[in-house]
Amino acid sequence: MGKNRKSKRQLVRDEKRAKKRERELEHEEERDIKKQRREEAQQEALAPAAADYIPPPLDGTHDENAFSSAPEGRRGPNTNFEREFFGMLAEEEQEYFRHADELLELNDFPSAEERDIFLQNVYKEMRGKELKLASSQSCSRLMERLILLSNTRQKKSLFDAFGGHFISLVTHRFASHCCEKLFLQSAPVVTQELSGEYEQEPLPEGEEETEAMKSSMEDLFLLTLDELEEHLGFLLSDRYGSHAMRALLVILSGRSLDQAGTKSLLQSRKKEYITVEGAAANASALSSQIRAVPSSFTMAIKKIIDDSTATMDATALRVLAKHPTGNPTLQLLLELELTMFGKNKEKKEKKQKKDDDEAETKKEETQSEITLLGMLVPDAPAAFADNATQAAEFVNSMIYDPIGSRLLETLITHCPGKIFKGLQQHIFGPRIQSLLRNDIACYPAIRVLNRLSREDLADAVEKSLPEMASFVDKGRFNVIKTLFERCNIRNGTDEINSLLKALTSAYGNDWKNLVPKLCMLDEEASEEEQKPESSEEVGEGGAEEKKENQQPKFQTQEAKNKAFMLNHGSQLVAALLAIPGQPSKAIQSSLAALKPAQVMKMATTSHNTSSILVKALQTPATTPTFHKVLVSSLLPHVYELATSQHGSAILNAIITLPSKPAEPNAPAVPFHLKENIISQLAQYERDLRETWLGRNVWRTWKGDMWSHRRHDWVRWAKEADPETARVAAAPKKREEKEKEEAEKKPKGYLGKNFDPKKAKGFAGNKKFEKKEVSA
């Protein structure tokens, strides 16, 4: 595990950097403490109503004493807790923990056992100072790294140390990250204890076993929820507490923790990614899959949903739906309610229909139950028919809101079929074409398209066809892609052909223009032509003007929009390529008509454009020479592709294709083109070995086998060919060749060197021998 020793110069440089970092962290920590004290003083001076939470409705449509009638400790804007100040670490302690953080980051330990001993010593030194360490700006990262490397006993000891202070820690700027990390790393332990796979670690010498270590992880989570229960309404929209709230809800539901959707739900894009070497060994496989959770967790989710929405009315929910921090938490609550408890309610309703007498009483009970969906869209789906109702007003106000539309997407995706039919019939169906044209409303409308039946989808396509030119001008490629994909799933061949015809007419009625326009190849070419001259050709005055007109460090909004359009356009091309029939034929004809320079730009510009070429190589050809033409256009730039981040994947895909198609129009690349590519790679072998991408391509193509064992390489390269083609191309034995030649020759053929005189004498001798035998 040890690394190479550093030189003296490197050690001196690292020491200077460490001292500089320590000084910066000290100043930042002092500023943070002063700022925290000012905020605490302001909070004490201000009234509780000024807290960062949803303001109560002011339109007079509800009872003004609604919050006061609720039991104490259950009110929505409950911020009556005192933020605790846990103190500061001494200078010696800060130095020790910073040094420990550096050692963990370097991971310069001779063995894993010595690192475990080091972690035990850090935990001993940290005992009684966990709260100070978690709330420290300079040392909270060390706490997160320790949690990543901790065993189950150490995690339970942290739960014990944080107990009673979770509300202050969860709403703290730095400690909240430590709490999230502790929750997420402890979630797999619950499943292990539930299944009986958990083995308790031995207790280190000199350490006493606490009650938290004896208790199960399930009980520790439930105790944490009991502590946060009084402040659920406040945590929904708190800047830091909402993230911990979402993490707890995901853990309680048993969802996968490593999915992309879960990660984007739990953390923002600006969140710092903290890791440490060796953490992957401690990571459980349960984090990447759906986990089994106890029934108490399901009941806890139900109680959280009920408690957090019990004191809110429709106006408060609308404000929370448009709140930038509260909206993601409300999305998760609504999704959990619809997915975990919605199906059970439908089953209960079916059972209720069996007994008429029992059905009436149970319906009254279910109507008295207040659900989050019922509060958002009351009396749905019948209420959607009238635009003046509360449900219709809520949906119409959320469609065009950049934050509220995300909640509407969740509602459309997971709501019951009755409510979706009402939404589609009265709100989305009549104006689907105008909603798809809008840059915000198109996303809820896309969710509607994903749930439409074949008849409703055909109606939506018919209404959207006149707007195709508008979709193209405004860059609504994601809308066009969804229409094509849904028609393909619903087997709407006529709708697909009409959509393709409308898309082609928007680009000049020529299939050849589809890929250059959607992948923005023409615009990139014009931008490169307009680039300024090099610094050698420009004088000193021109260089100064160039510095003044230099682009900013961060991307401009126009550049971001172009990147999004390129991304969506590439996805549309890939979707059309995957649909058999006319769409795939149109994209292949457009790719075949590209110039070599344009194909090279597609291969090296971005991952989305290069993946189009990879998929095109793996797609059955509509014309026999498609794959050959596409690979031939890349031949002059083999070295550039091999050293490109995106182009190397195309070369790796070429070698996996067979040289002869197994079926007509199946993907195949002729063998002589593969030989041409490997010969060009062999010319740049030294340069390829100097880069990681080049070594990867050289290894994939088995360049060493090509250099030293050419016949073996040919045999290996033809392994992807069909079995009949491989047998025909393989060398045959001498006996098999002679037997085949003899079968082809006519009967009585005795060879080229046949002498009839010798043959007569030989025949006469044979006749004489036969006469003697007969005598």
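Q: At what angle do helix α28 and helix α29 pack?
A: In this predicted model, helix α28 covers residues 477–489 and helix α29 covers residues 493–506. Their axes are 9 Å apart, and the angle at which the two helices pack is about 155°.

Q: Is α28 roughly parallel or roughly antiparallel to α29?
A: The two helices pack at an angle of about 155°, and angles over 145 degrees count as roughly antiparallel. The crossing in which α28 passes α29 is left-handed. The angle therefore makes the orientation of α28 to α29 roughly antiparallel.

Q: How many nonpolar residues does the contact of α28 with α29 have?
A: On the α28 side the residues are I480, L483, F484, C487 and N488, and in α29 they meet E495, I496, L499, L500 and L503. Sorted by class, this contact of α28 with α29 has 1 polar and 1 charged residue, and the number of nonpolar residues is 8.

Q: Are α17 and α21 roughly parallel or roughly antiparallel to each other?
A: Helix α17, residues 314–321, packs with helix α21, residues 390–399, at an angle of about 15°, and their axes are 11 Å apart. Angles under 35 degrees count as roughly parallel. The orientation of α17 and α21 to each other is therefore roughly parallel.

Q: How many charged residues does the contact of α17 with α21 have?
A: The crossing in which α17 passes α21 is right-handed. A314, R318 and A321 of α17 make the contact with Q390, E393, F394 and M398 of α21. By class, the contact of α17 with α21 has 4 nonpolar residues and 1 polar residue, while the number of charged residues is 2.

Q: Which residues does A682 touch, not counting residues up to four places away in sequence?
A: A682 is found in helix α40, which spans residues 671–683, and is partly exposed, with a relative accessible area of 25%. Although A682 and W706 are 24 residues apart in sequence, their C-alpha atoms are 8.4 Å apart in space. Not counting residues up to four places away in sequence, the residues that A682 touches are W698 and W706.

Q: What percentage of contacts between residues at least 6 apart in sequence join residues at least 24 apart?
A: The protein chain has 47 helices and 0 strands, and buried residues make up 41% of its 775 residues. The accessible surface of the chain comes to about 44500 Å², with 49% of that area belonging to carbon and sulfur atoms. Among contacts between residues at least 6 apart in sequence, the percentage that join residues at least 24 apart is 75%.

Key
Residues are numbered from 1 along each chain as its sequence is written. This is a predicted model: local features need pLDDT of at least 70, side-chain atom pairs count only at pLDDT 80 or more; totals for chains, interfaces and linings use all residues. Side-chain values use heavy atoms; hydrogens and water are left out. Axes are lines fitted to C-alpha atoms, for helices over the stretch in contact, and angles run from 0 to 180 degrees between N-to-C directions. Helices (H or I, at least four residues) and strands (E, at least two) are DSSP runs, numbered from the N terminus. Angles under 35 degrees count as roughly parallel, over 145 as roughly antiparallel, 65 to 115 as roughly perpendicular and the rest as oblique. A crossing is left-handed if the near helix is turned anticlockwise from the far one by less than a right angle, and right-handed if clockwise. Contact means heavy atoms within 4.5 Å. Ala, Val, Leu, Ile, Met, Phe, Trp, Tyr, Cys and Pro count as nonpolar, Asp, Glu, Lys and Arg as charged, and the others, Gly among them, as polar. Buried means under 20% relative accessible area, exposed over 50%, partly exposed in between (1.4 Å probe, protein chains only). Accessible areas come from the Shrake-Rupley method with a 1.4 Å probe; for residues, only the protein chains shown count as cover.
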